[in-house]
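Hello,

Here is the structure I promised to pass on to you. Please open it beside this message, and then read on for what was found in it.

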Amino acid sequence: MSLRNCRNVKVLEVSPVGQSKAAGEFFELKLEYPDWDGWKPGQFVMIRPVDWELDLLWGRPFSICSADGESVTLFIQNVGRGTSRIAQLQPGDTVAMWGPLGNSFAMEPETPTLLLAGGIGIAPFRGYVESHPHPENLQLFLAHRMPLECYPFKTLSDKVEGQCIIEEKPEDLDAIINTMKGLIQEYAKKDGLILSCGPTPFMKTVQRFANEFGARAQVSLENRMACGVGACLGCVTKDGEGHHVQVCTKGPVFWADKVEL
Amino acid sequence: MDMKVSFGGLDLKNPVMTASGTFGFGLEFAPYGDLEKLGGIVAKGLSLKPREGNPMPRIAETPCGMLNAIGIQNPGVEAFVTKYLPALARKDVAVVANLYACDAEEFGELAGVLAGEDGVAALEVNVSCPNVKEGGIAFGQDPAQIGRVTEAVKKMAGNKHVMVKLSPNVTDIAVCARAAVDGGADSLSLINTLSGMAVDIRNRKPRIANVIAGLSGPAIKPVALRCVHQVVQAVDIPVVGIGGIASAEDALEFILVGAHAVQVGTANFLRPDFAFTLADEMESLLEELGAESLDEFRGSLQLPL
C-alpha cells in the first residue's frame, strides 16, 4: 500500500454518459484501483495511456469522481487531442496513472455545505457526496450547457437537494449568476461552507460573491499541467500574497480569499 | 556490468541524471521511486534572490515535445540550502545545483554560497536559459561571456566540479564549448532547450505569455545528438548529453556519440517514475548489444572515413 504512486492499471470500462463520447461530450472511465492507502474528494490523478508513445507527451489531470477498493472512476469531457484519444480506450488497455494528487475539499460533516458545479466541475462532487457522513447537510447547484443526462446529476440529486440551470441563451447566464449570488449570500449568513469546481469564469463568480458576502468558500482550479507532482511549474497560480504556487501540489483546492484567479 | 561513471571528481553511481527544471528539488519524486537509483539529480535552477518567474500560460504541448517559459521561478539559493538541501543530501545520490544569474559577478557570488555545502556534489552553470529577458540568452550566445561566467564560477566554487550547460541556439556550439573549457569548466552539459514559439489561430494569441519559449522533448533529440557529436570532437573535457531522452536506447545513443553521462528531462513528465529504471534498462541493453562495458561503448560511433 502506498500514500501515492505511479502504476500501470487496466481500463475496466469506458462508457458514454448521456449521449455518445464524440467531441464535446462526456464519458466515464473506470480504471483498476491501484494500491493506494486511500484518497479524498477533490484530489486528482494524472493518466497517460501507455500506447501514446511520444506523440502526446503529458499525462492528463482528472478529478477523482469516485473510487472504492476495486476501481477508480473519472468523469471526462472529450475536448481535445488527449481526451479524444482517452475516449477511444478499450477495456483491457493499459494506462499509467499517478496519484492521488493534490489537496482535497474541506469536509465539516455538521456544517451546511453548498456544492457549486460548473459543467464538468461536478466530477469531484460525486465522491464528495458518496463519502459525506451527513448528505442531508449538502445542497448541490449545477450550471450546465449540455443536456442534464450528460452529467451525474440524477445520482447526486437522489441523495442531496439538487438544483440546476442550463445555459442555452444569453439571459440564462444572468439567471445562473443571480442564483449563485442568492445561494452564496444565504450560506454566508448561516456560516455554511461553499465548495466549487468549474471553468475559470465560474470560479471567478464564486470568488466575487464569496468575498462580497464574506462566505467561506473553496474553489478547485483546473490549470494545464505537465507533471502533476510540483516539478514543471507550468500550472502555477498566485496565492493571496501574490506568489506563484503550484496548483497541482498546493491545490487544486484553494480558499477563495487566498488565491488570485 | 559496472555502470559507475567518474569524471573531474564527480562520482555517479550510473550515467543517469535528471535535468534541471524537470525534477524539482528531487523530493517531489520520492513517492514514485528510489532517488538513490539515480546517478545524479540536477536541482531546479537557483538564483541569489527568490524569483516569481514568468506570467501564465507557461507551457504548451507540441508534437513530440513541449514548450516552456517558466522564467527560473525559484525560492532563492538560501532557501534551497536551508529548506531543501538537508533532506536531499541525506540520500546517497549526487546532487548538482543549477545556477542562474544575470552577470558574471552574481554567478560567482552564487557559486560562493554553494561552495561550502557538503551536500552539493557539483555546480551546473546555466548560461543558456532562453526565457529570462534580462540577458540569459546573451551569455549562452556569446563565447566571451561564457568564458567570463565560467571563470567567475570556477574561482568561487572551491573544490566543486563545475559543469557548464550550453545552449543550442548558436551558430557554432563548438566555439561556445571551447570558451567554457578556456574558462576552466570541468565538464559540459548540452543541450538546453531550443528557442521556439506556438500560437493559437482561434484567439490570435501566443500560447505562452512570454511569447518565446524553450522546446524540449523527443522532437529535439536529433539536434542534441548533433551538438554532442560536434562538442565531443572539439574539446577534451567530459560531456553530459541532454535532449529528448525517452528510452534506454535514446540514452545509449548519446553515450555512443561520446557522452560520459546523460540527463533526462521532459521524459520525467511522461510518468514520474521514468528516470528510476533507466540505468538498469541501459545496462540490460548494453549486455544485449554485446558491449564489453560502458567505457568500451562510449564514443565508439563508427564514422564514415
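How many residues of domain 1 of chain A are in contact with domain 2 of chain A? There are 14 from domain 1, and they meet 14 residues of domain 2. Two residues are in contact when their C-beta atoms, placed from the backbone, lie within 7 Å.

Before going further, please note that this is a predicted model, in which local features need pLDDT of at least 70 and side-chain atom pairs count only at pLDDT 80 or more, while totals for chains, interfaces and linings use all residues. Residues are numbered from 1 along each chain as its sequence is written, and chains are lettered from A and ligands numbered from 1 in the order in which they are written.

**The domains of chain A**

Domain 1 covers 5–101 and domain 2 covers 113–220, with bounds that come from an automatic or database domain assignment. Their centres, taken over C-alpha atoms, are 24 Å apart. On the side of domain 1 of chain A that touches domain 2, strands E5 (66–67) and E6 (71–77) of chain A each supply at least two residues. Helices (H or I, at least four residues) and strands (E, at least two) are DSSP runs, numbered from the N terminus.

**A sheet in chain A**

Three strands of chain A make an open, antiparallel sheet in the order E14-E13-E16. Strands E14 (244–245) and E16 (259–260) of chain A each have a single partner strand, so one side of each is left without a neighbour in the sheet. Strand E13 (residues 237–239) of chain A pairs with E16(A) over two bridges; pairing requires that DSSP finds at least two bridges between the strands. Asp239(A) has Val259(A) in E16(A) as its bridge partner.

**Two helices in chain B**

The axes of helix H6 (residues 221–234) and helix H7 (residues 248–257) of chain B come within 9 Å and cross at roughly 20°. Axes here are lines fitted to C-alpha atoms, for helices over the stretch in contact, and angles run from 0 to 180 degrees between N-to-C directions. That crossing angle is why H6(B) is roughly parallel to H7(B) (angles under 35 degrees count as roughly parallel). Among the residues that make the contact are Leu225(B) and Val228(B) of H6(B) and Phe254(B) of H7(B).

**Where the chains meet**

The contact between the chains takes 31 residues from chain B and 24 residues from chain A. Strands E5 (59–62) and E6 (65–68) and helix H8 (267–270) of chain B each supply at least two residues of chain B's side.

Enjoy exploring!

Conventions:
Parallel < 35°, antiparallel > 145°, perpendicular 65-115°, else oblique.
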